Amino acid sequence: METYGLHHYPGRLFVVEGVDGSGKSTQIALLRHWLVSEGYTVFFSEWNSSLLVKKTTSRGKRKQLLTPTTFSLIHATDFADRTEHDIIPPLKAGAIVLADRYIYTAFARDVARNVDQAWVRELYQFAVQPTRAFYFRVPLEVSLRRILTGRSELKYYEAGMDLGLSNDPRQSFIMFQQRIVDEYEAMVSEFDLTIMDATLPIPEQQRQMRKLVLPHLAGLRRQRPPLPAKELENIAYGIETPQGTNRLGLK
Ligand SMILES: Nc1ncnc2c1ncn2[C@@H]1O[C@H](COP(=O)(O)OP(=O)(O)OP(=O)(O)O)[C@@H](O)[C@H]1O
Ligand SMILES: [Mg+2]
């Protein structure tokens, strides 16, 4: 879709996409640590995090009032708000913006909910094109295992129960996720998504991601010089736990 603006701001925008449990948040958190330690100014924006729609969304969800179109419009409102406040200003200032889910999430989920494909793409025309969009490709059984382990209950909308695919939330969730996977796969060539093998170990994926991001950093202003190697060793590369951090030995 050539209608998405190629931005001419000095900053860079990297986004992560993929089904639930594909490892997006894990990887983007590690990328953020690295970029900050390299001295860059980094901003982060997460899907559906705008305060503007928070109340409406939780009320609509609680009362099961949301039709696929309403859902779509709420997410587009959230995205417009974040684009204006959290994404464009840092890009203008020459910073790096990392987005955990982007327009492709709306395209995948809304179309999986039978919203018209052309309509939803049109809705997001104002979005700026990412410098690079990473798609974490993972077999459904792997992502399901990652997220369903230890989970006793799935939420109504999360499981796609509003679609009436199955009365069993777990079965409905699997069917809904499969539809989303199909949409992502169809978008790879349409939007030139960078495929990541999300079944690889966390450090390996992170190594690949950094390698792919590095060429895009040329000419980008740093806030300060990179941390010396000694201090870099102290940067957390893993997921924070109450006991400290998992050291993944990435450097
Ligand atoms: N490469 C990997 N191998 C094994 N487990 C992983 C891997 N990457 C992430 N995980 C684990 O899978 C779970 C889901 O990861 P994460 O939260 O990063 O996924 P996500 O794509 O952000 O999911 P969501 O869309 O639900 O936010 C976490 O418990 C994480 O530790
Ligand atoms: Mg996540």
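**Note on the loops and ligand shell of the model**

1. Arginine 101 is buried, having 23 other C-beta atoms within 10 Å; here buried means 20 or more other C-beta atoms within 10 Å of the residue's own, exposed 12 or fewer, and partly exposed in between, with C-beta atoms placed from the backbone. Arginine 101 belongs to the loop that runs between strand S3 (96-100) and helix H4 (103-112). Its phi is near 80°, a positive value in a residue other than glycine.

2. This is a predicted model, in which local features need pLDDT of at least 70 and side-chain atom pairs count only at pLDDT 80 or more, while totals for chains, interfaces and linings use all residues. Residues are numbered from 1 along each chain as its sequence is written, and chains are lettered from A and ligands numbered from 1 in the order in which they are written.

3. The chain contains 9 helices and 7 strands (DSSP runs numbered from the N terminus: H or I of at least four residues, E of at least two). Of its 251 residues, 35% count as buried. Among contacts between residues at least 6 apart in sequence, 79% join residues at least 24 apart (a contact is a pair of C-beta atoms, placed from the backbone, within 7 Å).

4. A positive phi also occurs at aspartate 192, where the value is near 55°. This residue sits in the loop between helix H7 (169-190) and strand S5 (194-197). Aspartate 192 counts as exposed, because it has 11 C-beta neighbours inside 10 Å. Most residues other than glycine have a negative phi.

5. The shell around ligand 1 includes Gly18, Asp20, Gly21, Ser22, Gly23, Lys24, Ser25 and Thr26, together with Arg146, Pro201, Ile202 and Gln205 (C-beta atom, placed from the backbone, within 6 Å). Two or more residues each come from helix H1 (24-37) and helix H8 (202-213). H1 provides the largest share, 3 residues.

6. In the unreviewed UniProt entry, the annotation "binding site" covers Gly18, Val19, Asp20, Gly21, Ser22, Gly23, Lys24 and Ser25; such annotations may be inferred rather than shown by experiment.

7. Aspartate 20 lies in the loop between strand S1 (12-17) and H1. With 16 C-beta neighbours inside 10 Å, aspartate 20 is partly exposed. Setting aside residues up to four places away in sequence, aspartate 20 touches Ser143, Ile147 and Gln177.

8. Serine 22 is likewise found in the loop between S1 and H1. Serine 22 is buried, since 25 other C-beta atoms lie within 10 Å. Beyond its neighbours within four places in sequence, serine 22 contacts Phe136, Val138, Ser143 and Ala198.

Note on methods: Contact = placed C-beta atoms within 7 Å.
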